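This report walks through a structure step by step. Keep the 3D view open and find each part as you read.

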Amino acid sequence: MSDSDTALREDFLVLENVEQHFDLGRALLTRESKGVVKAVDGISLTIREGEILGIVGESGCGKTTLSRTIMQLIRPTSGRIFLEGKELSALSDADIRAERINFQMIFQDPYASLNPRLTVFTTISEAIRTRHPDVRGEALRGRVIELLRTVGLNPAQMNRYPHEFSGGQRQRVAIARALAPEPKLVIADEPVSALDVSIQSQILNLLKRLSREMGLTMIFVSHDLSVVRYIADRIAVMYRGRIIELGRAETIVDDPRHIYTKALMSAIPQPDPRAERTRERILLEDEPPGADKSPGKDVEDDLEEVTPGHLVSTRPFERRVKEAEAPAQ
Amino acid sequence: MPLLDVRNLTTSFHLRSGVVRAAQNISLQLDRGETLGIVGESGSGKSVTCYSIMRLIPQPPGRIESGEVLFDGQDLLQVSEAQMRDIRGTKISMIFQDPMTSLNPYLRISTQMIEAIRVHEKMDEKQALSKAITALEEVGIPDAASRVRSYPHEFSGGMRQRVMIAIALINDPDLLIADEPTTALDVTVQAQVLDIIKERQQRLGTAVILVTHDLGVVAGTCDKVQVMYAGQVVESGAVDQIFYEPQHAYTQSLQKAIPSLGEKNEALYTITGTPPDLAKPISGCAFYPRCPYPKIKGEEGDPPQLVERADGHCVRECGHCDRSKPIESVLAQEVTEAAE
Amino acid sequence: MSRSADIVAGAEQRLAAAPVPEEFEKGTSLWEDAWHRLQRNRLAMISLFVFSAIVLFCVIGPFLSPYDAEAQDLLKGAQGPSAEHWFGTDTLGRDLMVRTMEGGRISLLVGLIATLVALAIGVVYGATAGYLGGKVDATMMRIVDTLYALPFTIFVILLMVAFGRSLWLIFVAIGAVEWLSMARIVRAGVIGLKKQEFVEAAVSLGYSHTRIIVRHLIPNVLGPVIVIATLTVPAVMLLEAFLSFLGLGVQPPNASWGVLINEGQQNMEIFPWLLMFPAFFFALTLFTLNFLGDGLRDALDPKSAKD
């Protein structure tokens, strides 16, 4: 941490009770409502400038929907989102488009996230010109070269097409594209889960270095707690559209309070055979079926601060512990 | 005699652009009740090895060039296709990575399970159905008797993978090959699925080959491990040997490169570069360009041989790098460089 | 995917210090890749060659021939092929070779222009509907459905009655029908692409709708569209032949292959060459275009790109 910390905004990104509900429509004959899926169900968060917030959760917990909602790719059903004090959720579609250069996204699949018909140069220069429409010619080329170097790619290959790169290199191109408009906030949605282990560490190091060097604020979404633990300053654990635990990365990993976080942690296999043989596991009962579609009671902000900065949900948790058992040997 | 004894298995793909040597000289032994983990990155040849054992390599362009696959003393590469079909599903079964696509979406679970049973065993519909229900109960599907009539899309991913396991195990095979069976699943579901496999193995003495890229899964599940890189086995041995006394530079780097819950460093160790192109002949050590040890000789030379270092612990080791210093000090230097 | 030229990634620090590269490698686009694959398809390449030869024959041929397509010489009516008239003459003594060339011009022109019209309208319309989705999409596609439901022949007859017979009207009439299926194909393709992350990335960069449609969506659906277009050309030529057969198409003294075949079949027992020559060229064109379309489908299909 450097001395410039004091100048950083505490309320860089603020979410106020953000909800994202998907209406399942009505039954064909009876016209009865099939229910509403509450993919994001009342999330309030404040993110400091320059911080990396990790969002962890299992599939269907709403982490991807939340990241797309912050990105304004889907507008929230209710709630407010502020970036540097400006309310994004109140902007019109046209105004959002102009605002987009300030927040960028890195996607999961590097094979799908680049337009296969455009060269790397075109892809990145297009993105640069969203902020600097007048840059062209040599200046534009120089900027592309600089960006490619920043992400560790050989600029001599900038006239190549995405299919001529490996998965890890494509992810680097995607990162360069996200950085091109000089955003203040980057949301990375499972950016390494499609990559091999050896490539994964390259990309993680790169993202961490970029965030430190450029003072980027980053939201890092992943199902993999070990990865998030490595990269994030704070971790939010999501379950069924809500945050159930939030705190500093070390705190969440070393001192989880919510039973779901504990169960999640206990399920992660460690690359250590001896530890694995004695690992205690916390098994939860299966989710009650269809619970995600039933209308729940709206409790605003049910997070309680257990120690400074460590918040845990006080909502009653519907899944009980089955049994704590040592793994079968 | 081991249950499965693979000797010098070599599989290539003959493509327009050249010959891809996907698996070279693979040897492995597996006893009843044992679990062998095959670890490697995509393109390392771990899946090709399994598909070759099952003789499921698409031919052409694939071709099993040489080697023997002795299963219970019988060379599977020599038996007729009809015999092989009979072996698949009864003696050797396979489960695949994606539970979403490996079940037929248009058929009920019951139909698919009854089919799997009746292909190999004379049994009437009713008996087969009750066997299917029992199999589903064994993999922990609640209310199996009523849910057996469901279609695959009515099940969650974890449930579908359990159904796949139930189908794979329904004829009590001697060998189960699981190709990344939990990669598409959440960790909590992954733990349950691995438990089911372990439980069956203990009860019936099934041998298991588990293909995965996740070292954590290997550590918790396997007795023996083979580490593959660029179509070759670079190291093999008991799980403790591989994790606590890794000898090959690739195994060592791989373990350093994964983020773990226990410790937090400013920078992860990075294996630079990308795996080699298997369409080009590799001279010398395949890992040479990415090896973190200081180089003392050029890349050229004879390909290193797999040498048994300790009891059952084999390493493919070259003499091209200076390995006098322990890997930790070599990597520590790299990490500080990368962190700058 | 070529791993071969992969650089040693990860050496970020070393790269950052490297000087500006002197030379930039040239990438190979998917179009170039497809072209290379097409070149390896012998049947498609032969078809391409034969089709080009037919086009040249029809376009340049009339200038080289000593005969005029409309010049009648009743004394030489309906003669078989000879050194003088290679394809023979028709009942009015017109040189059949020149008439086949002229007919080919019109047939090919109808085929190509109507297809281009269909392509232009269909791609833009389909891409817009697919990209915007929702109510816009629903409305646009119901219009397509309605137009589909109109009986084509009646539509053409109505057009002819209202505006009189003309070649342009045929282009319009055929193009107006063919774009409907084109639009449906493009729309389906765009809806599939829209979920791809690179389109979301384009949205999150704040690109305009037009830019996303034109640069990011259309080039990626063009592959299957080109295949369909290649197969539409012969379909359109057949349609024109059918209209001419009904007397609604090209009018004498102009002739298309359809008109020539119609004339030829009336006298086919006595003067078989009148049917044989135009029918041969017509059939050959249809064959080559179909083979070419199949070849393009294989070349552009990303699944076959894997090996």
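With 15 C-beta neighbours inside 10 Å, Asn17(A) counts as partly exposed. The rule is this: a residue is buried if 20 or more other C-beta atoms lie within 10 Å of its own, exposed if 12 or fewer, and partly exposed in between, with C-beta atoms placed from the backbone. Asn17(A) sits in strand β1 (residues 13–23) of chain A. Strands here are DSSP runs of E with at least two residues, helices are runs of H or I with at least four, and both are numbered from the N terminus. Asn17(A) has a phi near 45°, a positive value in a residue other than glycine. Most residues other than glycine have a negative phi.

This is a predicted model, where local features need pLDDT of at least 70, side-chain atom pairs count only at pLDDT 80 or more, and totals for chains, interfaces and linings use all residues. Residues are numbered from 1 along each chain as its sequence is written, while chains are lettered from A and ligands numbered from 1 in the order in which they are written.

Glu180(B) lies in the loop between β7 (175–179) and α7 (187–204) of chain B. Is Glu180(B) buried or exposed? Glu180(B) counts as buried, because 20 C-beta neighbours lie inside 10 Å.

## The sheet of chain A

Eight strands of chain A form an open sheet. Their order is β6-β7-β8-β3-β9-β10-β13-β12, and the pairing is mixed. Two strands pair if DSSP finds at least two bridges between them. Which strands stand at the edges? They are β6 (103–106) and β12 (303–307) of chain A. Each has a single partner strand, so one side of each is left without a neighbour in the sheet. The twist averages 20° from one strand to the next. Angles run from 0 to 180 degrees between N-to-C directions, and axes are lines fitted to C-alpha atoms, for helices over the stretch in contact.

Strand β3 (residues 52–56) of chain A pairs with strand β8 (residues 217–222) of chain A. The sense is parallel, over five bridges. Leu53(A) has Ile219(A) as its bridge partner in β8(A). Helix α1 (residues 63–70) of chain A lies across β3, β7 (185–189), β8 and β9 of chain A. This helix runs at about 155° to β8(A).

## Strand β10 and its neighbours

Strand β10 (residues 242–248) of chain A is mostly covered, with six of its seven residues buried. Six bridges join β10(A) to strand β9 (residues 234–239) of chain A, and the two run antiparallel. Met238(A) has Ile243(A) as its bridge partner.

## Chain B as a whole

Chain B has 11 helices and 12 strands. Its C-alpha trace spans about 70 × 45 × 40 Å along the principal axes. Buried residues make up 48% of its 340 residues.

## Where the chains meet

The contact between chains B and A takes 34 residues from chain B and 32 residues from chain A. Two residues are in contact if their C-beta atoms, placed from the backbone, lie within 7 Å. The largest share of the chain B side, seven residues, comes from α7(B). That side divides into 17 nonpolar, 10 polar and seven charged residues. Ala, Val, Leu, Ile, Met, Phe, Trp, Tyr, Cys and Pro count as nonpolar, Asp, Glu, Lys and Arg as charged, and the others, Gly among them, as polar.

Chain C touches chain A too: 33 residues of chain C are in contact with 41 residues of chain A. Which helix gives the most to the chain C side? That is α8(C), with six residues. The chain C side holds 15 nonpolar, 10 polar and eight charged residues.
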